[in-house]
Amino acid sequence: LTNMLQQEHLFQLESELTVDKDSHPFYVIYPDETGGNWRIQAVPVSPESFESRKALPESWRGVRDDALSQTTGIPGGIFVHASGFIGGNKTREGALAMSMTALEM
């Protein structure tokens with residue numbers, strides 16, 4: 001529920017601030033409260049959509065742990081969901097690096 005509220009808030013801010021579509025974010029990173037790790041999540045095209053503005057790279061999808069770190073070249077990889085809408089890293093820096101690398105792909 002909290003994640004849904006955060007997404008709704010993001011869309012509300014984009015609307016209220018009249019953020020140009022070219023400046024809309026593709027990813028958000030946030031701490032995973034249960035494991036002390038970090039998540040990277042692709043922003044959906046709309047609040048009710050399952051389609052992402054830019055899903056995480058296909059070559060990362062369904063990959064876990066050391067294999068993910070090797071595939072991305074970023075230490076601390078935990079997982080990327082098979083659909084590419086969410087992933088995890090052990091550190092904030094790792095999640096941020098994943099988002100920056102994904103933007104370039």
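The dialogue below goes through a predicted protein model one feature at a time.

Student: What should I know before I start reading?

Tutor: This is a predicted model, in which local features need pLDDT of at least 70 and side-chain atom pairs count only at pLDDT 80 or more, while totals for chains, interfaces and linings use all residues. Residues are numbered from 1 along each chain as its sequence is written, and side-chain values use heavy atoms, with hydrogens and water left out.

Student: How many helices and strands does the protein have, and what pattern do they follow?

Tutor: Helices (H or I, at least four residues) and strands (E, at least two) are DSSP runs, numbered from the N terminus. Here there are three helices and four strands. Along the sequence they follow the pattern α-β-β-α-β-β-α.

Student: Which strands pair in the sheet, and in what order?

Tutor: Two strands pair if DSSP finds at least two bridges between them. The four strands form an open sheet with the order β1-β2-β4-β3 and antiparallel pairing. At the edges are β1 (27-31) and β3 (77-80), each of which pairs on one side only. Neighbouring strands are turned by 15° against each other on average, direction ignored. For such angles, axes are lines fitted to C-alpha atoms, for helices over the stretch in contact, and the angles run from 0 to 180 degrees between N-to-C directions.

Student: How many bridges join β1 to β2?

Tutor: Five bridges join these antiparallel strands.

Student: What joins β4 to its neighbours?

Tutor: Four bridges join β2 to β4 (residues 86-89), and the two run antiparallel. In this pairing Trp38 stands opposite Asn89, Arg39 opposite Gly88, and Ile40 has Gly87 as its bridge partner. On the β3 side there are three bridges, again antiparallel, and Phe79 stands opposite Gly88. The hairpin of β3 and β4 has five residues between the strands, with Gly84 in the turn at a positive phi of about 80°.

Student: Is β2 enclosed or open, and why?

Tutor: Start with the term: buried means under 20% relative accessible area, exposed over 50%, and partly exposed in between (1.4 Å probe, protein chains only). Five of the five residues of β2 are buried, so β2 is largely enclosed by the rest of the structure.

Student: Which way do its side chains point?

Tutor: In a regular strand the side chains alternate between the two faces of the sheet. From β2, Trp38, Ile40 and Ala42 point one way and Arg39 and Gln41 the other, all of them buried. Both faces of β4 are covered too, with Ile86 and Gly88 buried on one side and Gly87 and Asn89 on the other.

Student: Gln41 is in β2. What does its side chain contact?

Tutor: A polar contact is a pair of N or O atoms within 3.5 Å; within protein, one must be able to donate a hydrogen and the other to accept it, and residues adjacent in sequence count only if both atoms are side-chain atoms. The side chain of Gln41 makes such a contact with the side chain of Tyr30, at 3.0 Å. Gln41 counts as buried because its relative accessibility is 4%.

Student: Which residues make up the largest nonpolar core?

Tutor: In soluble globular proteins, nonpolar side chains tend to be buried together. A nonpolar core is a set of buried Ala, Val, Leu, Ile, Met, Phe, Trp, Tyr and Cys residues joined through side-chain atoms within 4.5 Å. The largest one here has eleven residues, among them Tyr27, Ile40, Leu56, Val80 and Ala102. Strand β2 (38-42) and helix α3 (92-104) each supply at least two residues of this core.

Student: Is Asp65 buried or partly exposed?

Tutor: Asp65 lies in helix α2 and counts as partly exposed because its relative accessibility is 40%. Its phi is near 50°, a positive value in a residue other than glycine.
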